[in-house]
Amino acid sequence: MNGGSNHSLVGHGVKTTVIRLLLLWLFALPLETVADTKESRGLPSTMVLNPAAELWRDVRQRDMPTSGTSQVRGVDSGVLINANGDKWRKFRMQQLIPIGGYLLLGIIVGLTLFYLVRGKVKIVAGASDRKLPRYTSYERLIHWFMASIFLFLAITGLIILFGRPLLIPIFGKEIFSVIASASKEGHNLMGPLFMVALILVFVKFVRRNIYQKGDMSWLLRGGGIIGKKHVPSNFFNMGEKSMFWMLVLVGSVIVVSGLVLIFPVFGQSREWMELAHVGHAIGAILMIGVILGHIYIGSVGMEGAIDGMKNGYCDLNWAKEHHDLWATQMEKRGEAIANEDVNRFSDPDTNESLGRELREAGK
Amino acid sequence: MSDRFEQGLEALRQQIDARISSYFSSCVHCGLCAEACLFYTETQDPRYTPIYKLEPMKKLWRREHTFWGKLGSIFGLSEPLTEKDFADWETLVYDSCTLCGRCSMVCPVGNDITYMIRKQREGFSVAGYAPDGMKEATRRALKIGSPMGVTYKTLKAALAHVEKDTGLQIPVDKKGADYMTLFSSMEIVNFPEYIESIARIFDATGVSWTISSKAFEATNSGIQIGNKEAAAELVNRVVIAAEDLAVKYVISPECGHAYTAIRWEGPNLIGRQYPFEVIHILELLEQLKAEGRLQLEYRDATPMTLHDPCQIVRRGGVVQQPRELLNSVAENFVEMKDHGVMNWCCGGGGGVSANERAEPLRLHIFDRKKKQLQETGVNTMVTACANCRIILEEGIEHNEMDTEVISLTELVADHLTASSEKK
Amino acid sequence: MARMKFYCDPERCIECNACVTACKNENEVPWGVNRRRVVTINDGDEGERSLSVACMHCSDAPCATVCPVDCFYTTQDGVVLHDKDICIGCGYCFYACPFGAPQFPEDGAFATRGKMDKCTFCAGGPEADNSSAEHRKYGSNRLAEGKLPLCAEMCSTKALLAGDADTISEIYRKRIINRSASVMARGVSYRDASFRAPYNSAAGKSSAKE
Amino acid sequence: MIAQFIDGPLWTFSLSVFLIGVIWRIVTILMAGNRKDLATPRGSASAGAVRTVFSRSIYERSAATRGRLLLIAGYLFHIGLFALLFFAQPHIDFIAERITGLGWTAMPHWAFILSAELAFLGLLLLWIHRLLSPVTRLLSDLDDHLGSILVFLVMLTGCLALAQSFESLRLIHLLSAELLLIYFPFSKLMHTFTFILSRGYTGATMGRKGVNA
């Protein structure tokens, strides 16, 4: 479709037009120009159009979307040739798999290199003897719920995406097809649960993630991870907030496109599903990349960062160094509690301290 | 390993019946009971989870009633119940459980956790792992006849006082009376107004009643500490006295566990059915009112709320009667948010009030009651248990609140037709 | 070796759907699956043409490229087949195929599609030729018996041609030459030939009325 | 070889262990015996028992102050699991073929998957909560985690085998189900049956006292 033929779109289904424009924009492929179309139209009548050529032009949908009729009932059964199928193939095989693969690999390599250079970010002042309550049990519950669903979906999704180049050479086709079938069914079944998790997480955390004054300076100073000095931030810093919004926005794209893909019962055309797949894949790769960074900070990247998600309490000094505005406020309100009390409530392996306390209290 | 421990182990072993066995089999460790226990909700300490307080008994059950336990004990793999367990759990079993029974109401598989704790205490008390305060109270109850050391002499003095105040004759040891009244020591010592109220109500309604000089004590430390012999002995005294006087009914007073002891556990403790019926004072009052014998005048405009004593309401089944009575004397009766069978305990039941060691904890968990009271915005709390009343008053004082605690029976007595004329 | 192709002559197809029926009957395809369909474009207008379409057995098949489990293969006859034991029913071939050839027995919620099914050029599948397993999964294997796909064999106007690409193009070439010759002999242009309504899309339609 | 073993003898074995084990467990519980309650009843014990067996399925409102999501998760897990266990076509077919000889109406495929999702949602939330909450961490023992893991595995392998077209996936699902059946009578999973006993006992006692429990 070139510029000259665009006017012929007018009057056709707006839906189809929108899909086509979106596809054009997304694929960003060199357009196959059909310059001769225009010229052949304008020729004098002595030069005869070849009716067979015109037929095939229609079949190929060169000039406008054409849909015939067929005795076979079904979505798109009247479409003879769906040209976007091939564009989708090119996207998946030539862009998504290689670029996506190297991107994720690059992120992993980058994080490893970063770790080797920067090392673990320690609590400069050392662990303190007091802790601040950071996440309630409900918050931790939905976080880990989302995390487990996400991990499962990411792994099964990556198996489907990269299995053919990476796993078939190892396992062979027969075994891999079992793995892939399991991944596909698991991915489709668990997918909607991610939507539930996303909604729960969004509702719970959205208020603390609204951008505030000072977030910009945090960004300008690179979050403090590059320099030596820590940058002031509230309960969540600019990076965390951005990750949250990425999660919500990209997550919504993934969820909506995923639903389009796993519910082929509403009469959506192949084009809709191709489009949904493009959104789903790009979103998922982005999200996996960002979450890799998130996991890096939570596990090996920073001392004390995961504590709040484990038992709900974070170290006071850690909080002061990374979320000082929040930490000072909490400390002022007298929310800081001694380590022993945290252990009492979250590490119930010993029963002795309680009995002793009660006896002492009685005396 | 001492002999007492062995005896305790054996006592505990005997408690495991089909009921407890099915309870342990059903428990899925969901932790919901924690949410129902005021010791947990007020401290957030996971050890106060009701079912966790049963670990010693569970250990024994697992070892002797389950496949893995039996298999493990053959190979010496399953952990036996040790004396240390008794020592470690003593505070949990006695200090942090008021046997209020709230956990039993929420358990999704229907476990009666309170019943199990009551049974577990049997083993603990035999092994000697019980709080000194409760041991003492039981000893006094057996020896003197009252956990607080109240003798008939004390009662007589109180009765003389009442007779003087009301001008009524109080029948003692009257054979063939319809009703024999019991009291709790708490009432005799702290709230003699209760005796006065009873006398006035019975006089006004023409109830034939009496007090036994041999058995006037309703409380039963035996069921609190978990000593079935002591409990049976205490029940037996009442039964013999009632049989001697050939009464038709024995009235359980405004005391929670006394009602459970005499009404529900008594026949099972002494191993036979009573030749008389046990009736709670509130049941009787409600009955009299329904029959039209109890005439009540004017309704108080003061907003009032009701604290349901656990053993009378949730564990005793006297649920509607206090509400009927209160509604007939109070215009503005406000229910608490959790009321009736789901009411929160005052914190002093199940022998905790007799356990000095538990006092700081008890005062701490009173926060729950405080919150409940503040939610209603009412400053007058009616209750029907002398023990609750003392504990509530202590808590109110500790929290410097401005709340009055009154007894329902006394409130009813104040609204008697005759008494209103007097005023 | 031969390279098997279909060709449908739109000048001849009369939309009788015999090819569709023949295919269903011969291959006993599952309910809801149509390996072949006839599409009519400009139905009821001048220039109405019909085409019978199924898997075109592409030389560079997009379905085979995108299949995440690599279940497609091309036989020595150039027929594109797939292995249903490996297929996971993901539907990617269905997105990629320009002709809408891949079909699924179900299209239920949660993307339960079942194994993909498509035209096999009446060449069965990877199982032994004409074995019962092959017949159950893929239908008939006429090619192994030296026969061509039944759809083409049944075509009464010989619009649908199946066979070696060389042969097919030879037949079609002859048809075209004959059509051109008849045009020249009558001295009229192809477009004005009275035996067929002139074909022209959009802009050209009014010209016939002049 | 392994496939035949899983499909044949192991299935028979696990089913026998399950049936005999469950009956044995219930018999041992009942054998422990109960003393007769001598106190004059105020209400009916049997009515109380029946009422409590059903009424405890509806949660007590005041206990739902903090654990609302958890209560919902509990419902989702149990209802979802029940529905997909007994009303999914493949399960009905299997039961009909191996045990009962006759089947019953199945729910539609989408409802099957939906109930599986709800069951997963519930189980995951409950399990994560078990790992996070101080209360459940204190209470939980190996049995709780083994039970959760086995049920989760059975559900997961079932979910992976949803396409019903790969024999190996079906066998993995069957194997995990067999392990669950063998483990069942020796574990807390017995609450599936004993909850009737415990609710019944409590209900009877409360019924005698005239309390709606």
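Analyst: A salt bridge is counted here when a side-chain nitrogen of Lys or Arg lies within 4 Å of a carboxyl oxygen of Asp or Glu. By that rule, Asp7(D), Glu97(D), Arg98(D), Glu167(D) and Arg170(D) are linked in a network of salt bridges. The model is predicted: local features need pLDDT of at least 70 and side-chain atom pairs count only at pLDDT 80 or more, whereas totals for chains, interfaces and linings use all residues. Residues are numbered from 1 along each chain as its sequence is written, chains are lettered from A and ligands numbered from 1 in the order in which they are written, and side-chain values use heavy atoms, with hydrogens and water left out.

Confidence comes next. The pLDDT is the predictor's confidence in each residue, from 0 to 100. Its average over chain D is 89, and 97% of the residues score at least 70. Within chain D, confidence is lowest in helix H7 (residues 134–139), at a mean of 86, and highest in helix H9 (residues 167–183), at 93. For the complex, the predictor gives an ipTM of 0.84 and a pTM of 0.85.

Helices (H or I, at least four residues) and strands (E, at least two) are DSSP runs, numbered from the N terminus. Chain D has 10 helices and 0 strands; along the sequence, the pattern is α-α-α-α-α-α-α-α-α-α. Taken along the principal axes, the C-alpha atoms of chain D fill a box of roughly 65 × 40 × 35 Å. A residue is buried when its relative accessible area is under 20%, exposed when it is over 50%, and partly exposed in between (1.4 Å probe, protein chains only). On this scale, 53% of the 213 residues of chain D count as buried. Contact means heavy atoms within 4.5 Å. Of the contacts in chain D between residues at least 6 apart in sequence, 71% join residues at least 24 apart.

Helix H5 (residues 89–100) of chain D shows how the packing is arranged. His91(D), Ile92(D), Phe94(D), Ile95(D) and Ala96(D) are buried in H5(D). The buried residues of this helix pack against three other helices of chain D, namely helix H2 (9–31), helix H4 (68–87) and H9. Just after H5(D), Gly101(D) takes a positive phi of about 85°.

A further charged pair in chain D joins the side chains of Arg208(D) and Asp37(D), with 3.2 Å from N to O. Arg208(D) counts as buried at 16% relative accessibility, while Asp37(D) is partly exposed, with a relative accessible area of 27%. Over all chains, the structure holds 55 salt bridges.

The contact with chain A is described next. In that interface, 27 residues of chain A are in contact with 23 residues of chain D. Buried area is the accessible area (1.4 Å probe) that two parts lose on being put together, summed over both. Between chain A and chain D it is about 2,200 Å², of which carbon and sulfur atoms give 79%. Across the interface of chain A and chain D, the rule finds 0 residue pairs in polar contact (both at pLDDT 80 or more). On the side of chain A that touches chain D, helix H5 (137–166), helix H7 (173–205), helix H11 (307–310) and helix H14 (339–346) of chain A each supply at least two residues. The largest share of that side, 12 residues, comes from H7(A).

Nonpolar packing also involves both chains. A nonpolar core is a set of buried Ala, Val, Leu, Ile, Met, Phe, Trp, Tyr and Cys residues joined through side-chain atoms within 4.5 Å. The largest such core has 137 residues, and the members touching the most others are Leu132(A), Met190(A), Met287(A), Phe72(C) and Phe120(D). Leaving aside neighbours within four places in sequence, Phe120(D) is in contact with Leu189(A), Met190(A) and Leu193(A), as well as with Phe152(D), Met155(D), Leu156(D) and Cys159(D). A second, separate core of 65 residues includes Val135(D), together with Trp89(B), Ile225(B) and Leu373(B).

Terms used
A polar contact is a pair of N or O atoms within 3.5 Å; within protein, one must be able to donate a hydrogen and the other to accept it, and residues adjacent in sequence count only if both atoms are side-chain atoms.
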